[in-house]
Amino acid sequence: MTIAIIGAGIAGAACAHELVRLGKQVVVFDKGRAAGGRMSSKRTATGYLDLGAQYFTARSQVFNQQCQQWLADNVIARWHGETARYDQGRLIASPDNTVRYIGVPSMQAPVQRLLAGIELQSNCRIDSIRFDGVNWQLYSGDTQLGSFQQLILALPQQQAAQLLAPCSAQLSLLAALFSQPALLPCWAVDLELTQAAALAFSAIFVKDDPTLSWLARQSTKPGRAAGEHWLVHFNAAFSAQHLEAQPEQIAPLAAAELQRILGRAIAVKASVCHRWRYAQQAEDVAVTGFVYQPEAALGLCGDWLNGGRVENAFLSGRQLAAAVAV
Ligand code: FAD
Ligand code: NAD
């Protein structure tokens, strides 16, 4: 039996890895150039820039064990960033004991490690799927990519809903899952400054702000681009309002916001903007872990089913694999 997994983010990779460990045959498809999904860093001449996931924490025993293995394999490292918070107009130190990990040299490294030795068809967008009552057929444009006895969608909610829409009559039980948007957008901007900002902090949690949620000094992470790079994440409300804006409009706003939070003038040498349409979990989304419908030979996993965050996406994929392999 060959299982098709659409989506090579951390959820799809964890699912594929566990299925193979349990003796199953798996093919993974992803529209991206490489595996990673929202755990992706942009390559530059001097190192990587993290525009998506910034770091991850491990609260569960299962994910903790996985992180220890990745540490031993040098695909992740600890990020010892000095944390601060910007709250009610004040930037203040906010130290904590949280252990934060990043992929090295890029965020996708642990995802790629999970997929080592597993068939991955990258640059392969699945445009449509069909279920004939027994098997699933996958299509990229008009090209049929094969027939599979099980299908796993390891995709953001809205992208899974789009693919499943033509099958909605067969899969009416899924309708409730797609009734409200689970993932909200995020504009991410990397600003390269001409001069180092004289500041002790490398990570700033921006609280209850009309525009921002997070700032990070990328050069404090191992393996990242040289120079003074600050990453700006706009919050979901701002990002939704400016969803169709152009990068040329967003970059100067990010620079003005960084200046506001740092409380000093900055000069920007270069910027990189990325719009994540489906980024962060909406607040009131039900957490089911994963979805498996054996009668439809269909499974769904991903962060949006398990409370957002890298760890939860990993656990969602891992748990779905265990259910499918029974
Ligand atoms: P994804 O990573 O989105 O994987 C889905 C994959 O499906 C993608 O690779 C995509 O290319 C592929 N795909 C989609 N449609 C198709 C199709 N039709 N055909 C083929 N392939 C397709 N989490 C943290 O824990 N810490 C953080 O600091 C953090 N910061 C974040 C900041 C940002 C800006 C964003 C966007 C996310 C952040 N997250 C963070 C969340 C974290 O990145 C996600 O929870 C996690 O990476 C989701 O993994 P996933 O496998 O569920 O989905
Ligand atoms: P975590 O435990 O470090 O942070 C969880 C939350 O606790 C933070 O969002 C922040 O509000 C608060 N916090 C943590 N340390 C703090 C400190 N020193 N000072 C002030 N506040 C602090 O990490 P986690 O639970 O693994 O969450 C991952 C991070 O990913 C979160 O910051 C989350 O907001 C972020 N995220 C962002 C997006 C996006 O699209 N921008 C999407 C998913 C997750």
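Residues are numbered from 1 along each chain as its sequence is written, and chains are lettered from A and ligands numbered from 1 in the order in which they are written. Because the model is predicted, local features need pLDDT of at least 70 and side-chain atom pairs count only at pLDDT 80 or more, while totals for chains, interfaces and linings use all residues; side-chain values use heavy atoms, with hydrogens and water left out.

Ligand 1 has 34 residues around it, of which Asp30, Arg38, Tyr55, Asp303 and Val310 come nearest. A residue is counted here if one of its heavy atoms lies within 4 Å of the molecule. By class, this shell holds 19 nonpolar, nine polar and six charged residues. In this scheme Ala, Val, Leu, Ile, Met, Phe, Trp, Tyr, Cys and Pro are nonpolar, Asp, Glu, Lys and Arg are charged, and the others, Gly among them, are polar. Helix 1 (10–21), strand 18 (268–281) and helix 7 each supply at least two residues of the shell around ligand 1. Helices (H or I, at least four residues) and strands (E, at least two) are DSSP runs, numbered from the N terminus.

Polar contacts of ligand 1 involve backbone atoms of the protein. A polar contact is a pair of N or O atoms within 3.5 Å; within protein, one must be able to donate a hydrogen and the other to accept it, and residues adjacent in sequence count only if both atoms are side-chain atoms. A polar backbone atom of Tyr55 is 2.7 Å from a nitrogen atom of ligand 1, and one of Lys31 is 3.0 Å from a nitrogen atom of this ligand. An oxygen atom of ligand 1 has a backbone N or O atom of Arg309 at 3.3 Å. Of the 1000 Å² of accessible area that ligand 1 has on its own, the protein covers 90%. Accessible areas come from the Shrake-Rupley method with a 1.4 Å probe, and for residues only the protein chains shown count as cover.

Around ligand 2 there are 14 residues, with Tyr55, Thr57, Arg59, Ser94 and Asp96 coming nearest. Four of the residues in this shell are nonpolar, five polar and five charged. Side chains provide the contacts described next. Polar side-chain atoms lie 2.3 Å from an oxygen atom of ligand 2 in the case of Arg59 and 3.0 Å from an oxygen atom of ligand 2 in the case of Arg309. An N or O atom in the side chain of Thr83 is 3.4 Å from a nitrogen atom of ligand 2. The protein covers 67% of the 780 Å² of accessible area that ligand 2 has on its own.

Thr83 belongs to strand 6. It is buried, with a relative accessible area of 7%; buried means under 20%, exposed over 50%, and partly exposed in between (1.4 Å probe, protein chains only). The side chain of Thr83 also reaches the backbone oxygen of Ser94 at 2.7 Å. Thr83 is among the residues that line the second largest pocket, together with Arg78, Trp79, His80, Gly81, Glu82, Pro95, Asp96, Asn97, Thr98 and Arg100. The lining comprises two nonpolar, five polar and four charged residues, and the volume of the pocket is about 160 Å³. On a 1 Å grid over the protein atoms alone, a pocket is an open set of points with protein on both sides within 12 Å along at least five of seven lines, and lining residues have an atom within 4 Å of a point. Grid points are joined across faces, edges and corners, and a volume is the space filled by probe spheres set on the points.

Some backbone features were also noted. Most residues other than glycine have a negative phi, and most peptide bonds are trans. Arg309, however, has a positive phi of about 80°. This residue lies in the loop between strand 20 (298–300) and helix 7 (310–325), and at 30% relative accessibility Arg309 is partly exposed. Gln88 has a positive phi of about 50° and sits in the loop between strand 6 (83–87) and strand 7 (90–93). Gln88 is exposed, at 77% relative accessibility. The peptide bond from Val104 to Pro105 is cis, with omega near 0°. Pro105 is in the loop between strand 8 (101–103) and helix 3 (109–114).

Conventions:
1 Å grid on protein atoms, 1.4 Å probe; cavity = no way out; pocket = protein on both sides within 12 Å on 5 of 7 lines; lining within 4 Å.
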